Amino acid sequence: MILFQAELSPPGSNRWRLEKKVEGFWRDFLLDVEDGVFEITLDQLLVFGSGADRIPALGFSPQPTLSFIHETGRKYPEANTCLVKLKLPIHNTYEVFTKYMCEGIVQAPAFGLA
């Protein structure tokens, strides 16, 4: 089951290509988090993206979504827990993507971003 549905730009556009690449990074990242590759857990990801520490029995309303941050200089993930919307930064490599994802999620509670 896919919890977060991606909101993508029109197919074939330059933004769509970048978003599809980052969507792939996101899926790989989830697998690596589940395998314990990083210092964060799936529970922390859920709290960051939704504010909830578990998936509600009847699911989320509204449906959780992924969007993408195209603005230059915005490197960290962002979340709107009221809308259950996770905004992923655009990075060129998986290594850079995971670095900023992990840093952003680990530091979010300290800065009140989650």
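Guide: Strand 1 and strand 2 (residues 65–69) run parallel and are joined by two bridges. Strands here are DSSP runs of E with at least two residues, helices are runs of H or I with at least four, and both are numbered from the N terminus. Two strands count as paired if DSSP finds at least two bridges between them. Within this pairing, glutamine 5 stands opposite threonine 65 of strand 2.

This is a predicted model, in which local features need pLDDT of at least 70 and side-chain atom pairs count only at pLDDT 80 or more, while totals for chains, interfaces and linings use all residues. Residues are numbered from 1 along each chain as its sequence is written, and side-chain values use heavy atoms, with hydrogens and water left out.

The sheet is open and has four strands in the order 1-2-4-3, with mixed pairing. Its edges are strand 1 (5–6) and strand 3 (78–80), each of which pairs on one side only. Helix 2 (residues 42–50) packs on the sheet and touches strand 3 and strand 4 (85–89), where contact means heavy atoms within 4.5 Å. The direction of helix 2 makes about 60 degrees with that of strand 3; axes are lines fitted to C-alpha atoms, for helices over the stretch in contact, and angles run from 0 to 180 degrees between N-to-C directions.

One further item concerns cysteines. The structure holds zero disulfides, a disulfide being a pair of cysteine sulfur atoms within 2.5 Å.
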